[in-house]
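Hi,

Here is the structure I promised to pass on.

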Protein chains: 2
Amino acid sequence: MQFDLNRSIEILSRTPFVIEALLNGISEEWLMTNEGENTWSPFDIVGHLIHGERTDWITRMAIILSEADNKSFTPFDRFAQFEESKGKNITQLLDEFKTVRKQNIEILKSKKINAKDLTKKGIHPAFGEVTLEELLATWTTHDLGHIAQIARVMAKQYTNEVGPWKQYLPILEK
Amino acid sequence: MQFDLNRSIEILSRTPFVIEALLNGISEEWLMTNEGENTWSPFDIVGHLIHGERTDWITRMAIILSEADNKSFTPFDRFAQFEESKGKNITQLLDEFKTVRKQNIEILKSKKINAKDLTKKGIHPAFGEVTLEELLATWTTHDLGHIAQIARVMAKQYTNEVGPWKQYLPILEK
C-alpha cells in the first residue's frame with residue numbers, strides 16, 4: 001500500500017480506543033505481567049506510547065518541516081515510561097494517551113502536509129536521512145506493532161494452560 | 001498465570017469491541033489486504049472468529065460436559081469464512097461477532113463450571129485428549145492471537161513506506 005496521510009490518520013485516531021477496549025478495567029494479572037526479564041507489560045507499553053506522543057513523532061515532524069539548518073533528531077528514550085508511569089493507574093494512562101494523541105492529530109492536520117512536504121528530510125541519530133513520509137508511516141506502523149505486542153504479552157500468560165493446542169497458536173512462539 | 005475462568009471471560013468479552021475499535025469504518029485498503037498468497041485479511045479473520053463461535057468453542061465444551069460415550073470433536077473448518085462472509089460488510093460481521101460472542105459467554109457462565117469440570121476431557125481430532133480448562137484457555141489465547149494478527153497484517157501494508165525504520169519494527173518481520 002502506498003503511503004496515504006488520511007489512511008494513516010485512520011489508524012492513529014483509532015489506536016487509543018483499541019487499547020482502551022482491551023485494557024481498561026482488566027485484572028492486574030493481565031495488565032502488569034510481561035514476557036520475562038527486560039520485557040514490557042501492557043501497562044509499560046501504554047506509557048511508552050504516551051512518551052512517544054510527547055517527545056518523538058510530532059517533535060520530529062516539526063524539525064523536518066522547520067527552516068533550521070540542523071535537522072538532527074534527539075534520540076528517543078525507550079525507558080522513560082518506567083519513571084513517568086509511576087503512581088498512575090491504567091485509566092489515567094489511557095486518558096492521557098487519548099488526550100495527547102488527539103492533540104497531535106490536530107497538529108498533524110493543521111500542517112496541511114502536501115506531497116513535497118512528505119519528501120522533506122530530518123537526520124535520525126542511528127541511520128541518518130529519513131523523510132517525513134517515512135516518519136509518518138513509522139508512527140502508524142509503530143501503533144500497530146504495539147497493539148500486536150500487547151495482545152502477544154497477554155496471550156503468553158496462558159502458554160502452558162492451552163496444553164497441546166500450543167502448536168496451533170503461533171502467537172505463543174513469537 | 002494459572003487458568004482462571006473469570007479472567008478468561010475478561011478477554012472473551014472484550015475481543016469483539018477491540019476489533020470493532022480497530023476495523024469499523026476503516027478503508028478497504030486496510031481491511032481487505034492480506035500478507036500474501038494463502039494468508040488472511042482482517043476481514044477474513046473476523047469471519048473466522050464468527051465461525052469459531054458457531055461451531056467450535058461452545059460446541060466442544062458441550063461435548064466435554066455431556067454424558068455421551070463419544071467425546072470426539074468435529075474437525076474445525078479453517079476456511080469456512082470465505083463462503084460465509086460473502087456479500088457482508090465489516091459492520092455486519094462485527095455485529096454478528098458481538099452477538100454470538102455475547103450469547104456464548106452467557107452459555108459459558110450458565111454452566112457454573114467448577115474445578116472438577118475443568119479436568120473433564122474431550123477428544124481432539126489431531127492430538128487426542130484435551131481438558132475443558134485447555135479448551136477455554138485456548139479460546140482466550142486464540143482471541144489474542146487474532147488481534148495480534150490483524151494488527152500485523154495491517155502493519156505490513158507499510159513495510160516499504162517506513163524506510164530505514166524497518167529495522168526497529170519487529171512486527172514487519174513476523
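M1(A), Y158(A) and W165(A) supply 17% of what chain A buries against chain B, more than any other three residues.

Before going on, some housekeeping: this is a predicted model, where local features need pLDDT of at least 70 and side-chain atom pairs count only at pLDDT 80 or more, while totals for chains, interfaces and linings use all residues. Residues are numbered from 1 along each chain as its sequence is written, chains are lettered from A and ligands numbered from 1 in the order in which they are written, and side-chain values use heavy atoms, with hydrogens and water left out.

Back to the interface. Two salt bridges are counted between chain A and chain B, a salt bridge being a side-chain nitrogen of Lys or Arg within 4 Å of a carboxyl oxygen of Asp or Glu. R7(A) pairs with E29(B) in a salt bridge, with the closest N and O atoms 3.2 Å apart.

How are the two copies related? A rotation of 180° with 0.0 Å of shift along its axis puts chain A on chain B, RMSD 0.0 Å (least squares on the C-alpha atoms of residues with pLDDT of at least 70 in both). The copies are thus related as by a two-fold rotation axis. In chain A, the C-alpha nearest that axis belongs to A148(A), at 1.9 Å. Both copies use the same surface, as 100% of the contact residues of chain A recur in chain B.

In one of them, the side chains of E20(A) and K98(A) meet at 2.6 Å, N to O. K98(A) is partly exposed, at 22% relative accessible area (buried is under 20%, exposed over 50%, partly exposed in between, with a 1.4 Å probe and protein chains only). Another joins K88(A) and E96(A) at 3.3 Å, N to O; K88(A) is partly exposed at 30%, whereas E96(A) counts as buried at 18%. In chain B, K120(B) and D117(B) form one with N and O 3.0 Å apart.

Cheers

Terms used: Buried area = accessible area lost by both parts, 1.4 Å probe. Contact = heavy atoms within 4.5 Å.
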